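Dear colleague,

I am handing over the structure below, together with notes on what was found in it. Please read the notes alongside the coordinates.

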Amino acid sequence: MGEVSADAVTLDLLKEAMRTVRSSPLGVVNTPMIPWCQTTLPLSIDCKILIKLENMQRTGSFKIRGVANQFARKPKAGPFVTMSAGNYGKAFAYASKHYGSKGKVVMPETAPLSRATLIQSFGVEVERVPSSSVLNAVNRCIQEDKMTFLHSFDDLDLIAGHASLGLEVLEVNSEPDVVVVACGGGGLLAGVAAAFKLSGCEKTRIYGVEPEGACTMYKSFIERKPVGMDTYSVASGLAPPFAGRLPYELCQRYVEAIVLVSDEEIQTAVLTLYKSGLVVEPSGSAAFAAIVNNKIPDLEGKTIICIISGGNIGKDELTNFPDCETSETPHD
């Protein structure tokens, strides 16, 4: 993408993107936000938590928000290529089928096979490569096959589309104390943080959550520039090999801190949510994991928004979680 600065992200831009997302023919949903106290989820802190359920979103995650805005502002013909561990690829494939454009998703081999099969079912080609070769494969498609690259996290239109999630929350709760959001490449975190801060929520603290084994934004904050690393996590959707440049700039400006959760904490969170009736993938449970493991400071007596970012977890993945095999239904 072109060198767009964080200054390009204005409240007017985000509101325009929200109108685009809400009127999109892709059918983006204004997902429910429920009080934690109306669930059986455990809570050891005296505070008010609202859970935004993007696992109930079209295509099973928040990604359709950014994709709706991207496709509305790009040439419709394609062909397009992108890189994704699953959720962006699914939303991209759904949009490609709707608009009748040809597309290809380059996926790291670490992503669940079920995700690749699902993306292919929309008529989009999938190429699985080692994680370190994803960018090379994308560049080959751009140069040799003359495909147009749609970035899965470092893109102004995408980030503005994701910001609709934050603006939606603000329609229900005008100034929460704390917002907790998962972070992979940083597109969602950047969009949500910008939505709150540009709307005047100066006192709201916004935290990003990354896996310990894929902490590119955390390291970027330390080194004060976007960095890459060899990533690995059970939350494959939060493990791109580098932090996005524009997301990093926006997060530096609007995010309080990045906190880390272990794969074990993520897996336990998936199980806890499942047993309470919520089907959430590992990447989608990161914000919840950070809250229940006391990774976020000073929550006592506060109003907190917890973003559940996606629910695309297949039976093949769930059976790898030991306790799920003993639970016949989510309400056992």
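Helices α7 and α9 are oblique to each other, a word used here for angles that are not under 35 degrees (roughly parallel), over 145 (roughly antiparallel) or 65 to 115 (roughly perpendicular). Please bear in mind that this is a predicted model, in which local features need pLDDT of at least 70 and side-chain atom pairs count only at pLDDT 80 or more, while totals for chains, interfaces and linings use all residues. Residues are numbered from 1 along each chain as its sequence is written, and side-chain values use heavy atoms, with hydrogens and water left out.

The axes of α7 and α9 come within 9 Å and cross at roughly 40°, where axes are lines fitted to C-alpha atoms, for helices over the stretch in contact, and angles run from 0 to 180 degrees between N-to-C directions. Helices (H or I, at least four residues) and strands (E, at least two) are DSSP runs, numbered from the N terminus. In α7, Gly187, Leu189, Ala190, Ala193, Ala194, Lys197 and Leu198 meet Pro247, Leu250, Cys251 and Tyr254 of α9, contact meaning heavy atoms within 4.5 Å.

Leu250 also belongs to the largest nonpolar core, which has 41 residues and in which Leu14, Leu189, Phe196, Met217, Leu250 and Val255 touch the most other members. Such a core is a set of buried Ala, Val, Leu, Ile, Met, Phe, Trp, Tyr and Cys residues joined through side-chain atoms within 4.5 Å, and buried means under 20% relative accessible area, with exposed over 50% and partly exposed in between (1.4 Å probe, protein chains only). At least two residues of this core come from each of α1 (11-22), α6 (156-172), β7 (178-182), α7 (187-198), α8 (216-223), α9 (245-254) and β10 (303-308). A second, separate core has 32 residues, including Trp36, Leu53, Ala287 and Ala290.

Two single residues may also interest you. Valine 209, in strand β8 (residues 205-211), is buried, with a relative accessible area of 0%; beyond four places in sequence, the residues touched by valine 209 include Val180, Leu238, Val261, Ala287 and Ala290. Glutamate 168, in helix α6, counts as buried because its relative accessibility is 4%, and its contacts more than four places away in sequence are Met18, Arg22, Val29, Asn30, Thr31, Lys52 and Arg65.

With best wishes
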